[in-house]
Amino acid sequence: MPVVTVEDRRLTLSHLDKVLYADGTTKGELLHHYATNGALLLPHLVDRPLSLLRYPDGATGERFFTKNVPPGTPDWVMTGEVPRSGGGTMRQLVVRDLPSLVWTANLVVEFHTPQWTLAEPGVADRLVLDLDPGEPATVVDCCRVAIWLRDRLAADGLTCYVKTSGAKGLHLLCAVTPVPAKETSAYAKRLATEASRELAGLAIAVMTRRLRPGKVFIDHSQNAARKTTATPYTLRARPLPTVSAPVTWAEIEACETPGDLEITLADLPARLDRWGDLLHPLVTRETAAPLP
């Protein structure tokens, strides 16, 4: 197995030629993404305990979700004690540097993080709304809901950023003045309920499966302290190597087909050259504002 040096750490990487995606994308190409774009990913990961969706044999193989520290984790990879919702604590990974990022990516994972940091568990500094279309609805319908939510959030003094989920929908994100997660959860639920009234026939705010076909489910539950959301720039366990990638509001407003917002690993370099990190204000917190 090849051994590489990342900054001051020697890492043993495995199965670099293994094909993980239907278009032939290999594990080596996946690792190249995380290594070369680490400066983009790390600010969105630092100090946030990680949950990992592992798919070591690709999207068609076994997939499993874990929050526990993986066996064999080096002692130089940071871990932290995180409160359990039912009491007690558990230990999770906390990626703070490029070697840790590449080591974790070698497990073939999606990166998922909560809306709070290890320093203040359960104190949210971000608000998230996950727009999930129920067939035959698509991301095009999500865009219509996203625009309404963007304007409604702006009316409450919150600046909204948007990224693809990397699956079928969209994620809306706002930096907020830190508050207990129960407050962001309550606000997000009120907002989703209001949207379901104003956009009747298009949006719903409840998870009931029988109500979701043809509608956009506004999942507000990811604001709960125990929940996590796909991290910006993570690859997803999908047939193609789709990325949970930031998009512009102009792209949202112009979206006409689902393919317009399907962003894959191959699309990312040109987008980064053009726009850089569209979610950088979430990291700098320059637009953080209090909940109304």
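**Figure 1. Overall fold of the predicted model.** The protein comprises 8 helices and 14 strands in this predicted model. Its radius of gyration is 19 Å, close to the 19 Å that the globule rule gives for 292 residues, so the protein is as compact as a globular protein of that length. Taken along the principal axes, the C-alpha atoms fill a box of roughly 55 × 40 × 35 Å. Of the 292 residues, 55% count as buried. Among contacts between residues at least 6 apart in sequence, 68% join residues at least 24 apart. The accessible surface comes to about 12800 Å², and carbon and sulfur atoms account for 51% of it. The mean positions of the 32 positive and 33 negative charges lie 7 Å apart.

**Figure 2. Aromatic pair of Tyr21 and Tyr55.** The structure holds 2 aromatic pairs, one of them formed by Tyr21 and Tyr55. Their arrangement is edge-to-face, with 6.2 Å from centre to centre and 70° between the planes. Tyr21 belongs to the loop between strand S2 (9–12) and helix H1 (27–36), and Tyr55 to the loop between strand S3 (51–54) and strand S4 (64–66), so the pair ties together parts that are 34 residues apart in sequence. Both Tyr21 and Tyr55 are buried.

**Figure 3. Aromatic pair of Tyr34 and Phe111.** The rings of Tyr34 and Phe111 are also arranged edge-to-face, at 5.3 Å centre to centre and with 65° between the planes. Because Tyr34 lies in helix H1 and Phe111 in strand S7 (residues 109–113), this pair ties together parts that are 77 residues apart in sequence. Tyr34 and Phe111 are both buried.

**Figure 4. Surroundings of Asn37.** Asn37 is found in the loop between H1 and helix H2 (38–45). With a relative accessible area of 16%, Asn37 falls under the 20% limit and is therefore buried. Not counting residues up to four places away in sequence, Asn37 touches Leu268 and Leu272. Asn37 and Leu272 are 235 residues apart in sequence, yet their C-alpha atoms are 9.6 Å apart in space.

Figure 5. The relative accessible area of Thr287 is 18%, and the residue counts as buried. Leaving aside neighbours within four places in sequence, Thr287 is in contact with Thr159, Tyr161, Ala175 and Pro281.

**Figure 6. Cis peptide bond between Glu135 and Pro136.** The peptide bond from Glu135 to Pro136 is cis, and its omega is near 5°. Pro136 is located in the loop between strand S8 (123–133) and helix H4 (139–155).

Figure 7. Although Val108 is not a glycine, its phi is positive, at about 60°. Val108 occupies the loop between helix H3 (98–105) and S7. Val108 is buried, with a relative accessible area of 2%. Tyr233, likewise a residue other than glycine, has a positive phi near 75°. The position of Tyr233 is in the loop between strand S13 (229–230) and strand S14 (246–247). Tyr233 counts as buried at 1% relative accessibility.

Notes. Residues are numbered from 1 along each chain as its sequence is written. This is a predicted model: local features need pLDDT of at least 70, side-chain atom pairs count only at pLDDT 80 or more; totals for chains, interfaces and linings use all residues. Side-chain values use heavy atoms; hydrogens and water are left out. Helices (H or I, at least four residues) and strands (E, at least two) are DSSP runs, numbered from the N terminus. The radius of gyration is taken over C-alpha atoms; the globule rule is 2.2 Å times the number of residues to the power 0.38. Buried means under 20% relative accessible area, exposed over 50%, partly exposed in between (1.4 Å probe, protein chains only). Contact means heavy atoms within 4.5 Å. Accessible areas come from the Shrake-Rupley method with a 1.4 Å probe; for residues, only the protein chains shown count as cover. Lys and Arg count as positive and Asp and Glu as negative; His and the chain ends are not counted. The place of a charge is taken as NZ of Lys, CZ of Arg, CG of Asp or CD of Glu. Rings of Phe, Tyr and Trp (its six-membered ring) pair if their centres lie within 6.5 Å; planes under 30 degrees apart count as stacked, over 60 as edge-to-face and the rest as tilted.
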